[in-house]
Amino acid sequence: MKYFVKMVALLVFATCIGTGAQAQKFGYVNSAAILSQLPDVKQAEATLEALQKQLQKKGQGMVEVLQKEYTEVQQKAERGELSPKQQEDASAKLKTKEEEIGKFEQEMAKQLQDKRTELLGPIYEKVNTAIADVAKENSFQLIFDQGVLLYAEATQDVSTLVKAKLGITN
């Protein structure tokens, strides 16, 4: 009986030591480098750039119309062709157009942000899923992004595994 108790105690002790001594496995990735190599990201960025140029062109057109109207009102006022009431009305119209341009700029920023989220959200999800899969397949408890690390051994870089999971060669 004593022998049995000693064996059980020894087995429990060995199990505790073995469990406690198991090292946690950490890794890191360079997510910026991974994203820059994805064709989907390049396509999304090109789409966003085209949308931004289109919106900027529209905004620039609005500004040019405002400048032209402002110049016309200013010239008429200098020549004495506008009464004080007409100047006041013209000034109010110009101010309204100026506010419209401000609203357009805000809408433009929101539209670009919404499109960015629409295009890049699924890509980020795909990369996060690949990172999670690599972590599970290789028994990593934690995977960090290289951008937030102060020090890391190169052997802990799992970027190539994630790239392989995403089908990126190079």
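This note concerns helix H5, its packing against helix H4, and the residue Val63.

1. The model is predicted, so local features require pLDDT of at least 70 and side-chain atom pairs pLDDT 80 or more, whereas totals for chains, interfaces and linings use all residues. Residues are numbered from 1 along each chain as its sequence is written, and side-chain values use heavy atoms, without hydrogens and water.

2. Helix H5 spans residues 159–166 (helices are DSSP runs of H or I of at least four residues, strands runs of E of at least two, numbered from the N terminus). Its buried residues are Ser159, Val162, Lys163 and Leu166 (buried is under 20% relative accessible area, exposed over 50%, partly exposed in between, with a 1.4 Å probe and protein chains only). Thr160 and Ala164 are exposed on the face turned away.

3. The buried residues of H5 pack against strand E1 (26–29), helix H2 (31–37) and helix H4 (84–137), with contact meaning heavy atoms within 4.5 Å.

4. The axes of H4 and H5 come within 9 Å and cross at roughly 120 degrees (axes are lines fitted to C-alpha atoms, for helices over the stretch in contact; angles run from 0 to 180 degrees between N-to-C directions). On the H5 side, the contact is made by Leu161, Val162, Lys165 and Leu166.

5. Val63 lies in helix H3 (residues 39–79) and, at 24% relative accessibility, counts as partly exposed. Its C-alpha atom is 9.0 Å from that of Lys97, 34 residues apart along the chain.
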